[in-house]
Amino acid sequence: MPLNRARGPRYEVQGGAALHGTVRVSGGKNAALAMMCAALLTTEDVVLTNVPAISDVDSLADLLVTLGVTIDRHPDGAMRLNASRVSTCEAPTELISENRASFQVMGPLLARHGFASSAPPGGDVIGQRPIDVHLAGFEAMGARVSREGERWLAEAPAGPGSLRGARVFMDYPSVSGTQNVMMAAVLARGASTIVNAATEPEVQELGHLLEAMGARVTGIGTQCVDVEGVPTLHGATARVMPDRIEAGTFAIAAAMTGGDVLVEDAPVHVMDAVVAKLRAAGALVEQRGEGCLHIAHDGPLRPVSFQALPYPGLATDLHAPMAALLTQAAGVSIIHERVFDNRMLYVGELRKMGAEIVSTGSSAIVSGPTSLHGARVRALDVRAGAAVMLAALVAQGTTVVDEAYHLDRGYERLDEKLRGLGVRLERA
Ligand code: EPU
């Protein structure tokens, strides 16, 4: 990790203000990352709008450029990608280690060019994060998968365009695994069926982009996705869906500070789980027109227990922010993490701020309400970082959040957006 990142930016947050006002959600991180990789499948332009200005997008863009993709970005969030001149199918290790989505260049490179090589992907240290599901899918389509030192190599049986459609069973409904295998299958010869596919909205968004590029995909959003391979794909334009995790994070922040916030451009139709839990905790949550969520809360919060699950269950990416909220609820809440095996990094940081929270393996028990106090804490991953930022909003005094670069990976202009809602904070 570069030295400047290790020191990194930090936030200094003054606690105590209830959030008030309107905040606009940015384009979805995980949808945008997969959609950017899809540009590798065609020689024509793929134009994405509403791409968030976050560092995970920057690092994936760097990787794609290294592979030979031309990228034009505009400050309004539009991004034009052209992969007509891919110069290498070997993803440089130092760029692959920057984020998890980088491994999703493998499926499209393998399908179109017949070869792909990459180190295992980086990303948050939130669990073991294997890639067996991705590799098994490539193998089922006839690819030879091997290991050379640290790197994975995948070769199609007879060069470019020679993957064969197959029935692929996913041991686990992996989000990026489903996306990677879908991108391999769209240019394979014949039909593929992905059984036990992930149904997350970000997988659906990729499926719709692939359809717009000429792919034949059915069952998008179900656990059984059918793909009829086609020889080539063409360019397309698509708007990246708004980020459901960012929207959820602001909704949680509004509820836990006793605020009154309108979250604009929220993908409300895919936020049932978080809306249900916020209501169960006592918050008033209402949909206002298309894509607007109004959150208000006044009075004590109630404890709620939940499991973090694959979609449409409560997203694992909202586990830590919800835990921060539950420190303010009157009673005991129990959380079970069912997706990743190391999503508890935030627990120790919240405890530094006075939270009564204990973790036992993949579960956490939160007792509240606790009067949190400012402390020096770390953003240990994107969502653990969000949890300490939310805790800082209700803490007495100043909280210093170190390693804020983790927040930059997933939250666009977080400081500006929080300031717009009345929070006093500095970025140092
Ligand atoms: N898994 C396997 N084998 C595999 C792949 C995954 O067993 O080959 C297991 C993992 O060990 C884990 C579970 O499957 O226990 C879920 O992993 P998944 O592959 O679904 O997650 P991912 O694709 O690596 C994406 C998001 C995550 C989000 C998860 C779950 C991207 C770039 N990342 O990760 O986002 O938490 O899906 O929804 O799309 C975040 O935004 O902060 C973040 C971590």
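Colleague: Where does the ligand sit?

Modeller: The ligand sits in the largest pocket. A pocket is an open set of points on a 1 Å grid over the protein atoms alone, with protein on both sides within 12 Å along at least five of seven lines. A molecule counts as sitting there if more than half of its atoms lie within 2 Å of the pocket's grid points.

Modeller: Before we go on: this is a predicted model, where local features need pLDDT of at least 70 and side-chain atom pairs count only at pLDDT 80 or more, while totals for chains, interfaces and linings use all residues. Residues are numbered from 1 along each chain as its sequence is written, and side-chain values use heavy atoms, with hydrogens and water left out.

Colleague: Which residues come nearest to the ligand?

Modeller: A residue is near a molecule if one of its heavy atoms lies within 4 Å of it. Here 22 residues are around the ligand, and S174, S176, D317, V339 and R383 come nearest. The shell divides into nine nonpolar, five polar and eight charged residues. In that count Ala, Val, Leu, Ile, Met, Phe, Trp, Tyr, Cys and Pro are nonpolar, Asp, Glu, Lys and Arg are charged, and the others, Gly among them, are polar.

Colleague: Which helix gives the most to the shell?

Modeller: Helices are DSSP runs of H or I with at least four residues, strands are E runs of at least two, and both are numbered from the N terminus. α6 gives the most, with three residues. At least two shell residues come from each of α2 (29-38), α6 (132-140) and α7 (175-185).

Colleague: What polar atoms lie by the ligand's oxygens?

Modeller: Look for a polar contact, a pair of N or O atoms within 3.5 Å. A side-chain N or O atom of K29 is 2.9 Å from a ligand oxygen, and R100 has a polar side-chain atom 2.8 Å from one. V339 uses a polar backbone atom, 2.4 Å from a ligand oxygen. The protein covers 91% of the 820 Å² of accessible area that the ligand has on its own, by the Shrake-Rupley method with a 1.4 Å probe.

Colleague: How many bridges join β18 to β20?

Modeller: Two strands pair if DSSP finds at least two bridges between them. Six bridges join β18 (residues 331-337) to β20 (residues 363-368), running antiparallel, and I335 is partnered with A364. β19 (residues 356-360) also pairs with β20 in the antiparallel sense, over five bridges; there S359 stands opposite A364.

How values were computed: Polar contact = N/O pair within 3.5 Å; in protein donor to acceptor, adjacent residues only side chain to side chain. 1 Å grid on protein atoms, 1.4 Å probe; cavity = no way out; pocket = protein on both sides within 12 Å on 5 of 7 lines; lining within 4 Å.
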